[in-house]
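Dear colleague,

Please find below the structure that I am handing over to you.

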Amino acid sequence: GIRAQRQALEQEQLRKQREAEQQELQLLQLNVELQQLEQQTRTQEAQMQQTVEEMTRQWQHQEEREAAEAQLQLLQQQQRLETLESEAVEAEKMAAARQQQA
């Protein structure tokens, strides 16, 4: 009768309570997982940022190196040009001297 009903109600309440506790536990676990994922994401973002910065630095170094090499080539070409010009001037002087002798 009444006792059986009360027992059934109590068991139902206990079952619901256990379910609620189970759900709370799952929620806590999900929260922990979420925090871990957020931490991982932050770490990965930081690593990506570092990689991008490193690549940018290397790229700038490369650009600077290429610019320096280009400048060096330009200087060498200018020196060759000056050498050729002075050689041409010498050749002209010698030709003029020969003509005077002749």
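Helices (H or I, at least four residues) and strands (E, at least two) are taken here as DSSP runs, numbered from the N terminus. Along the principal axes, the C-alpha atoms fill a box of roughly 150 × 10 × 5 Å.

Two remarks on the source are in order. The model is a predicted one, in which local features need pLDDT of at least 70 and side-chain atom pairs count only at pLDDT 80 or more, while totals for chains, interfaces and linings use all residues. Residues are numbered from 1 along each chain as its sequence is written, and side-chain values use heavy atoms, with hydrogens and water left out.

Regarding the surface, accessible areas come from the Shrake-Rupley method with a 1.4 Å probe, and for residues only the protein chains shown count as cover. The protein exposes about 10,200 Å², of which carbon and sulfur atoms supply 52%.

As to charge, Lys and Arg count as positive and Asp and Glu as negative, whereas His and the chain ends are not counted. The place of a charge is taken as NZ of Lys, CZ of Arg, CG of Asp or CD of Glu. The protein has 11 positive and 19 negative side chains, and the centres of these two sets lie 13 Å apart.

Side chains of opposite charge can pair when their charged atoms come close. With a salt bridge defined as a side-chain nitrogen of Lys or Arg within 4 Å of a carboxyl oxygen of Asp or Glu, the count comes to four.

Which residues are linked in a network of salt bridges? They are Glu12, Arg15 and Glu19. Glu12 pairs with Arg15, their closest N and O atoms being 2.7 Å apart, and the two residues lie three residues apart in helix α1, about one turn of the helix. Arg15 also meets Glu19 in a salt bridge, at 2.7 Å from N to O; here the separation within helix α1 is four residues, again about one turn. Glu12 is partly exposed because its relative accessibility is 32%, and Arg15 is likewise partly exposed, at 36%. Glu19 has a relative accessibility of 42% and therefore counts as partly exposed. Helix α1, in which Glu19 is found, covers residues 2–101. The C-alpha atoms of Glu19 and Gln35, 16 residues apart along the chain, are separated by 24 Å.

Another of the salt bridges joins the side chains of Glu90 and Lys93, at 3.9 Å from N to O. Both residues lie in helix α1, three residues apart, about one turn of the helix. Glu90, at 43% relative accessibility, counts as partly exposed, whereas Lys93, at 53%, counts as exposed.

Finally, patches are made of residues with over 30% relative accessible area and no salt bridge, like charges being joined within 9 Å and nonpolar side chains (Val, Leu, Ile, Met, Phe, Trp, Tyr) within 5 Å. Glu63, Glu64, Glu66 and Glu69 form a negative surface patch. Glu63 lies in helix α1 and is partly exposed, at 43% relative accessibility.

With kind regards

Technical notes
Buried < 20%, exposed > 50% of the residue type's maximum accessible area, 1.4 Å probe, protein only.
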